[in-house]
Amino acid sequence: MSGGEEARIWRLLGAVPDPEIPVVSILDLGIVRYVRREADGRLHVGITPTYLACPATEAIRIAVRDTLDQAGYADAALEAVLSPPWSSDWVTEAGQRKLAAFGIAPPSPQPVCCPRCGSGATERVSEFGSTPCKAHYRCSACLEPFDAFKCI
Amino acid sequence: MNAAVTPPRRHPAGLTAALFRYVLRLGDTSLVLGQRLGEWVGHAPALEEDLGLANLALDLIGQARLFLTYAGELEGRGRDEDALAYGRDAPQFANLALAEQPNGDFGSTIVRQVLLDAWQLEIYEGLASSTDTRLAAIAAKALKETRYHYRFSSGWLVRLGDGTDESHRRAQQGLESLWRFTGELFAADEVEAEISAAGIAPRLESQGQRWSARIDEVLDEATLARPAHQPYAWHGKRGVHTEHLGHLLTEMQHVSRSYPGARW
């Protein structure tokens, strides 16, 4: 596969949004593991799930399939890659910025900062939030509740 | 999506049969426990716990899908995850009997969850470096999720046990009634013996010692007493179940049995 073709496919995939947090793309989340042409002549795209049962996984597969079909890669093979397991460390810097701007604290091993007022005085309400990838926090300074991306 | 990046290692036929039963046990335990936790949706003591239990249920069903898909491939009779989940009766289910026990109160649910989360921690840690690359990949992924499941369940056990007289009493009561089902968690039968002899999983007995130490530690912190009575060997993994599983399956399989072949 030529470098230009590969770059084009990565660009196409970069336009596929996460269905639950549409401000980030699947590339921002770090879930596309490879794009390559293999010995069978077909394009192979590896995607890893963030969480095993994340309902977005199926929607992402359909969106990637659509994108590749429309770009003329109807015979591309989509592969589910489990190993190594996805880590929140794979969220790109751009992804982290977009999450914060959207009001979701990006994954961080440090104390979570409020995405609205920036205060570090926050408390975790629950390790479980509205989607498998998020926990539920509250800011002690501005008192707003917010979601934080879990570290995994 | 096509599964597996690395082609599964080929096992000799006898081992494949044992591996099918082994993987089915893992999948059924996750499925049945996930279904049980799902019963809490809309009923948990607080919204946060409702979401927490539902999240655990979802993760467990995600594990079950991968294990059952793999089991179906090992069996080689064309059964997929749905055929295995919705098309079998209780005696064909191979889950640990502990997983099928009714939710009871929140205290009982938490006790059951601590015992099984700690079991999964041992099992998945052992399998994460398995020579069976497919199992290793599923286990490594599931392990990350099981770690926060255990944080949730053990945190609640400590809060309940070391809480009020009432919460302590209920947690201890749950422990007394569920303890008898822990006997089969680390008692290897011929299936597990064959799997560990083939180097696919560590020996169950050695993992049982670590489980026991972990449980002692959390019970101690929760000021709960380890039940004095010995657990008896229940054989859910051999298809001998308590009556509760039948009721659970009746509900879980209702739609697919009433409308065979129905599609969205």
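Q: Two strands pair if DSSP finds at least two bridges between them. And what are helices and strands here?
A: Both are DSSP runs numbered from the N terminus: helices are H or I with at least four residues, and strands are E with at least two.

Q: Where do the numbers and letters come from, and what kind of model is this?
A: Residues are numbered from 1 along each chain as its sequence is written, while chains are lettered from A and ligands numbered from 1 in the order in which they are written. The model is predicted, local features need pLDDT of at least 70, side-chain atom pairs count only at pLDDT 80 or more, and totals for chains, interfaces and linings use all residues; side-chain values use heavy atoms, with hydrogens and water left out.

Q: OK, chain A. How many helices and strands?
A: Chain A has three helices and seven strands. Their pattern along the sequence is α-β-β-α-β-α-β-β-β-β.

Q: And what does its C-alpha trace span?
A: The C-alpha trace of chain A spans about 55 × 25 × 20 Å along its principal axes.

Q: How do S1(A) and S2(A) run, parallel or antiparallel?
A: Strand S1 (residues 32–37) of chain A and S2(A) run antiparallel, joined by five bridges. In one of these places, Val35(A) has Val45(A) in S2(A) as its bridge partner.

Q: What about the hairpin of S1(A) and S2(A)?
A: That hairpin has five residues between the strands, and Gly41(A) takes a positive phi near 85 degrees there.

Q: Which strands form the open sheet?
A: Four strands of chain A form it, in the order S4-S7-S6-S5, with mixed pairing. The edges are strand S4 (104–105) and strand S5 (122–126), each of which pairs on one side only.

Q: What does "parallel or antiparallel" apply to?
A: It applies to how the strands of a sheet pair, which they do through backbone hydrogen bonds.

Q: How many bridges join S6(A) to S7(A)?
A: Five bridges join S6(A) to S7(A), and the two run antiparallel. Arg138(A) stands opposite Pro145(A) in S7(A). S6(A) and S7(A) also form a hairpin with five residues between them.

Q: New topic. What does Lys134(A) form a salt bridge with?
A: Lys134(A) pairs with Asp147(A), the closest N and O atoms being 3.5 Å apart. The rule for a salt bridge is a side-chain nitrogen of Lys or Arg within 4 Å of a carboxyl oxygen of Asp or Glu.

Q: How many salt bridges over all chains?
A: The count is 28. Across the interface of chain B and chain A there is one. It is formed by Glu127(A) and Arg151(B), whose closest N and O atoms are 2.3 Å apart.

Q: How many residues are in contact between chain B and chain A?
A: 25 residues of chain B are in contact (heavy atoms within 4.5 Å) with 30 residues of chain A.

Q: And the area buried between them?
A: About 2,400 Å², of which carbon and sulfur atoms give 68%. Buried area is the accessible area (1.4 Å probe) that two parts lose on being put together, summed over both.
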